[in-house]
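Please examine the sequence and the model displayed below. The paragraphs after them are meant to be read alongside both.

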Amino acid sequence: MTELIVLKIGGSVLTYKGKRARENKQAIARIAREIASAKKRTGARLIIVHGAGSFGHAMVAKHKLNEGVYSKKQFTAVAETHLMISELSNLFCKQLISNGVPAVSFPPIALAESSEKKLEKIFLKNIREFLDRGIV
């Protein structure tokens, strides 16, 4: 089986931290090119995990989502945060695809179950199927 690499890219690399929901287009483009080059060279199966940077941290801090989600007001903040981070993921996937890397985004909110701020379950079946087909 082909090697599996999990690459974590910090949100502060992909975004401008001091500016709300502002992507760093040059960094995203450069990283996508480097990933495409490495993938072509190695043929490795690849999972990319990226941080939220300015697309999520402000909302998480403002509504204390990192402390747990307990109120209806926080539910709206979760939805807004998810939407913003999905936007960043889409921007990054678009750059990967334009560099010949078939990439799709799997939002963590749809893959994991947690309780009391602890990961309980993670659902990997679909991710494994995509990886087996060469999709990042």
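The model is predicted: local features need pLDDT of at least 70 and side-chain atom pairs count only at pLDDT 80 or more, while totals for chains, interfaces and linings use all residues. Residues are numbered from 1 along each chain as its sequence is written, and side-chain values use heavy atoms, with hydrogens and water left out.

A nonpolar core is a set of buried Ala, Val, Leu, Ile, Met, Phe, Trp, Tyr and Cys residues joined through side-chain atoms within 4.5 Å; buried means under 20% relative accessible area, exposed over 50%, and partly exposed in between (1.4 Å probe, protein chains only). The largest such core contains 18 residues, and Ile9, Leu14, Ile35, Ile48, Phe92 and Leu96 have the most contacts inside it. Helix H2, strand E2 and helix H4 each contribute at least two residues to this core. Helices (H or I, at least four residues) and strands (E, at least two) are DSSP runs, numbered from the N terminus. Apart from its neighbours within four places in sequence, isoleucine 9 is in contact (heavy atoms within 4.5 Å) with residues including Leu14, Ile35, Ile48, Val49 and Phe92.

Valine 49 belongs to strand E2. Why does valine 49 count as partly exposed? The reason is its relative accessible area of 37%, because values between the limits for buried and exposed are given that name.

Serine 54 sits in the loop between strand E2 (45-50) and helix H3 (57-62). This residue is buried, because its relative accessible area is 7%. Its side chain reaches the backbone nitrogen of arginine 22 at 3.3 Å. Setting aside residues up to four places away in sequence, serine 54 touches Thr15, Tyr16, Lys17, Lys19, Arg20, Ala21 and Arg22.

One of these partners, alanine 21, lies in the loop between helix H1 (11-14) and helix H2 (25-42). With 21% relative accessibility, alanine 21 counts as partly exposed. What is the phi of alanine 21? Its value is near 50°, which is positive in a residue other than glycine. Most residues other than glycine have a negative phi.

Lysine 64 also has a positive phi, near 55°, and is likewise not a glycine. Lysine 64 is located in the loop between helix H3 and helix H4 (72-98), and its relative accessible area of 47% makes it partly exposed.

Notes. Polar contact = N/O pair within 3.5 Å; in protein donor to acceptor, adjacent residues only side chain to side chain.
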